[in-house]
Amino acid sequence: MKNLIILTILFLLFNCNKNTSKENIELKDFLNEKQTNEYVPYKDDKFDFNDKALKENLNNAIYKGDTLAYNRACKQYAINGRYKEFLYYAIVMAEKNNYGNAYWDISNILSAEEDSPLFDKYKSKYGNYSILKAYELGQRGAKSSMNYVYTEKGKPIPSSSSVYCSEKASSKNGR
Amino acid sequence: MAYLAEPEPEPEYFKGINFSQFGNISDEEPVNFFGKNDKSVFHKKFKEMHDLLKNTKGDGIFRVYGHGNLNMLWNEDERLFSAKDFDKAMLAKNKNWANIDKYKNPTLILFACLSASDVGNNGSMAKQISKAHPNVTVIGFRGFVEYDLDVKGIKNISRQQGAGDGNGLIVFYKNGQALHGYYYREYLKKYTNFK
């Protein structure tokens with residue numbers, strides 16, 4: 001019995017140490033990464049549009065419909081302050097591969113920030129279409145957004161096609 | 001600090017126990033949302049903050065370090081678009097987040113770019129999380145959080161990315177509403193212990 005207790009304690013200790021050392025190794029890997037020529041976001045205005053990994057991710061996203069690659073590329077643009085320049089890829093990804101996150105990005109990029117002179121004066125029609133399209137594709141951010149704008153206020157969620165169709169109808173009526 | 005949870009004394013029976021051996025399960029210790037593809041500067045800053053704040057069990061202040069963007073956060077390479085997404089990611093990294101609504105004066109600080117930039121429909125992640133957890137004061141940043149290894153802690157929030165202008169804001173949310181916003185540089189002068 002005594003031996004069993006000692007063995008159990010040793011087993012638990014071994015397991016705890018095993019987990020901790022694994023975490024330490026992972027953290028150490030990051031900390032040992034060379035700093036030489038490392039781009040530090042926000043401290044300068046450098047962004048390598050021709051970065052090999054970035055190009056590969058964009059190609060895989062657009063041509064193969066690889067959503068993981070798309071999200072990695074999007075992150076690289078966004079955290080380096082180049083989110084607006086990502087619009088081209090978001091549009092192509094959305095339209096070619098019918099991808100919800102890309103439609104959400106289009107809408108997000110075209111939204112004006114609160115402190116922008118465009119806020120309250122400009123709402124992008126394509127941005128509006130894109131958020132509704134993202135919602136229709138089941139994109140999580142769009143779901144939460146549409147819930148806030150429409151469902152919680154007891155309003156029905158319009159279809160994406162209504163954004164341009166209603167404009168067409170009203171311009172016809174005006175003639 | 002007026003807007004942060006007051007630390008409660010450590011119960012006698014926990015004294016002398018090193019909870020860190022059990023991983024991220026027993027307190028509010030800082031959470032790392034950076035991923036393996038992120039540069040070492042971010043992991044180094046996280047380690048600095050983790051070492052500084054890992055033994056603050058019971059203070060009710062959760063801190064998250066990661067990348068953010070308009071209306072979203074990144075958890076490694078995964079995108080978090082809503083409070084629901086955030087809860088799921090947070091629970092996987094700190095099981096104590098499950099008790100967040102039971103804390104007295106709990107606080108969440110999102111050290112991520114644009115975490116308090118309200119754009120579009122339902123607003124920033126700080127706003128969305130505070131709406132989902134009405135009891136929690138959620139603190140975010142309107143601007144770009146500078147992870148600078150040349151200074152201790154996080155001292156600079158820029159309004160324009162890459163400008164180093166120091167004009168970014170710290171914003172406090174409760175129940176889906178922005179209650180206060182200050183220039184972060186001014187806030188640090190007044191609350192020198194803010195970490």
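**Strands, loops and a covered helix in a predicted model**

Reader: How many residues of strand 6 of chain B are buried?

Author: The model is predicted. Strand 6 of chain B spans residues 107-111 and is mostly covered. The count of buried residues is five of five.

Reader: Which residues of strand 6 of chain B point the other way from B:Thr107, B:Ile109 and B:Phe111?

Author: Side chains in a regular strand alternate between the two faces of the sheet. In strand 6 of chain B, B:Thr107, B:Ile109 and B:Phe111 share one direction. Both groups are buried. Pointing the other way are B:Leu108 and B:Leu110.

Reader: Which residue is the bridge partner of B:Tyr65 in strand 6 of chain B?

Author: Strand 2 of chain B covers residues 61-65. Five bridges join strand 2 to strand 6 of chain B, and the two run parallel. The partner of B:Tyr65 is B:Phe111.

Reader: Which residue of strand 7 of chain B does B:Ile109 stand opposite?

Author: Strand 7 of chain B holds residues 137-142. Strand 6 of chain B runs parallel to strand 7, with three bridges between them. Opposite B:Ile109 stands B:Ile139.

Reader: Where in chain B is B:Asn105, and is B:Asn105 buried or partly exposed?

Author: B:Asn105 is not a glycine, yet has a positive phi of about 50°. Its place is the loop between helix 2 (83-93) and strand 6 of chain B. A residue needs 20 or more other C-beta atoms within 10 Å to be buried. B:Asn105 has 15, so B:Asn105 is partly exposed.

Reader: Between which strands of chain B does B:Asn175 lie?

Author: B:Asn175 has a positive phi of about 50° and is not a glycine. With 15 C-beta neighbours inside 10 Å, B:Asn175 is partly exposed. The loop that holds B:Asn175 lies between strand 10 (169-174) and strand 11 (177-183) of chain B.

Reader: What span does helix 3 of chain A reach from its first C-alpha to its last?

Author: Helix 3 of chain A runs over residues 67-79 and has 13 residues. At 1.5 Å a residue, the expected span is 18 Å. The model comes close to that, with a reach of 18 Å.

Reader: Which residue just after helix 3 of chain A takes a positive phi?

Author: Look just after helix 3 of chain A. The phi there is about 75°. The residue is A:Gly81.

Reader: Which residue of strand 5 of chain B is the bridge partner of B:Asn75?

Author: Strand 4 and strand 5 of chain B run antiparallel. Three bridges join them. The partner of B:Asn75 is B:Glu78.

Reader: What percentage of the residues in chain B is buried?

Author: Chain B has four helices and 11 strands. Its residues number 195. The buried share is 48%.

Note on methods
Residues are numbered from 1 along each chain as its sequence is written. Chains are lettered from A and ligands numbered from 1 in the order in which they are written. This is a predicted model: local features need pLDDT of at least 70, side-chain atom pairs count only at pLDDT 80 or more; totals for chains, interfaces and linings use all residues. A residue is buried if 20 or more other C-beta atoms lie within 10 Å of its own, exposed if 12 or fewer, and partly exposed in between; C-beta atoms are placed from the backbone. Two strands pair if DSSP finds at least two bridges between them. The expected span of a helix is 1.5 Å times one less than its number of residues.
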